[in-house]
Amino acid sequence: MSTLPGTYTYKDKNSGNSITVDTSADVFYPTSTTNILLSGVRTRVHQEVNTVLDLGCGCGVVAIALGKLILPHAQIYASDISEEAAQLTRRNAEHHQLSIDCRSGSLFEPWQGMRFDVIVDDVAGVSEPIARLSGWYPPQIHSDADEDGTRWIVKILEQAGAYLSPQGQFFFPVLTLSDETKILSTAQDHFANVELISTQWYPFGKELLAHMEVIEDLMNRGKIRVKKEGSRFLWATLVYLATNDGN
C-alpha cells in the first residue's frame, strides 16, 4: 500500500510490522506483486540461510523487508539494471540501518562467481503492450519484456541455477499478463522442482478496460491469460518456488 507521495509502505501481515521506503519517478514503483511475492517468500523460505539476493530491486522495498522483517540474520544483496534504482535502494537501506550490498547491472551480471542461498526475482514480466497501457510504467521506464512478457524471466530462469547454492531457493512471480506456459516450461527445464505457492487475482483497472481490443487480441493469440467473472475481467499474480534438491 502507498502512503505519502514519494513513499511506499509494506506491511508484514505475519508480524504486523511495516517498513516505509522512499520512491522516485525515475524508478519503478512497487505494485501488489511486491506484497504477494514477499508473502510467498515468508511462508516457504528456509530460515537458516546466509545470503539472499533481491534481483530487480527497484526502490529496495523487497531487500529491506527481507533484511528487517523476514531474514534479519542473513546478508542481503540487491541489484537493478538502473543505477538510479541502486542508488535509491542504498539510501533506503541506510535509512533503515541495514547493510545491503547493492549493485547496478543487467540480470546476474553484477554477481559473477557468486552463489546465494535464496534469490527473489522481481524483474519485469508483463506483455509490453500492457506495460505501456496499464500506467504501471512511466514513459521513461521501459519493461522491454516483449509482446509475451517473457524476455527477462526466461533469461533469469536459464541462468539462476548457476547463482544458487546446492540447496538454494529461487522465488519468482508470474503474471497471467504474460505467456505462463513458456515461462513454466523454461522453469521446469532448469529446475528439478517448480511449485506454485500463492495466487492472487485482481480486477482490471480503468486503464486496461479502455483498451480491451488489445487485451482480447493478446488473449486470442495465447500471449496472456485473463478470466471473466460476471462483468469483471481478472488477471493474476502467481508466485513459484523453484529448487533442485526437493525442498
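## Starting from Ile100

At 14% relative accessibility, Ile100 counts as buried (buried is under 20% relative accessible area, exposed is over 50%, and partly exposed falls in between, using a 1.4 Å probe and protein chains only). Ile100 sits in strand 5, residues 100-104 (strands are DSSP runs of E with at least two residues, helices are runs of H or I with at least four, and both are numbered from the N terminus). Its contacts, leaving out residues up to four places away in sequence, are Ala63, Ile64, Gln75, Ile76, Tyr77, Ala78 and Ala93; a contact here means heavy atoms within 4.5 Å. Asp80 is 20 residues from Ile100 along the chain, and their C-alpha atoms are 13 Å apart.

A quick word on the background: this is a predicted model, so local features need pLDDT of at least 70 and side-chain atom pairs count only at pLDDT 80 or more, while totals for chains, interfaces and linings use all residues. Residues are numbered from 1 along each chain as its sequence is written, and side-chain values use heavy atoms, with hydrogens and water left out.

## Helix 2 and the cores

Now for the inside. The largest nonpolar core has 55 residues, and those with the most contacts inside it are Leu66, Phe171 and Phe204. A nonpolar core is a set of buried Ala, Val, Leu, Ile, Met, Phe, Trp, Tyr and Cys residues joined through side-chain atoms within 4.5 Å. Helix 2, covering residues 61-70, gives the most to this core, with eight residues. Apart from it lies another core of 27 residues, including Tyr77, Ile119, Tyr163 and Ala187.

Helix 2 is largely enclosed by the rest of the structure, because nine of its 10 residues are buried. Among the buried ones are Val61, Ile64, Leu66 and Ile70. Leu66 touches Leu38, Val41, Val52, Leu71, Pro72, Ile76 and Val120, again not counting residues up to four places away in sequence.

## Charged pairs

Side chains of opposite charge can pair when their charged atoms come close. Here the count comes to 10 salt bridges, each being a side-chain nitrogen of Lys or Arg within 4 Å of a carboxyl oxygen of Asp or Glu. Take Arg103 and Asp101, whose side chains meet at 3.0 Å, N to O. Both count as partly exposed, Arg103 at 28% relative accessibility and Asp101 at 24%.

Glu83 and Arg90 make another salt bridge, with their closest N and O atoms 3.4 Å apart. Glu83 is partly exposed at 31%, and so is Arg90 at 33%. For Asp217 and Arg221, the closest N and O atoms are 2.9 Å apart. These two also belong to a salt-bridge network with Glu147.

## The second largest pocket

About 370 Å³ of space lies in the second largest pocket. On a 1 Å grid over the protein atoms alone, a pocket is an open set of points with protein on both sides within 12 Å along at least five of seven lines, and lining residues have an atom within 4 Å of a point. Grid points are joined across faces, edges and corners, and the volume is the space filled by probe spheres set on the points.

The lining of this pocket has 19 residues, with Lys11, Lys13, Asn35, Ile36 and Ser39 nearest its centre. Helix 1 gives the most to the lining, with seven residues. Strand 1 (7-11), helix 1 (32-44) and strand 8 (193-203) each supply at least two.

Technical notes:
1 Å grid on protein atoms, 1.4 Å probe; cavity = no way out; pocket = protein on both sides within 12 Å on 5 of 7 lines; lining within 4 Å.
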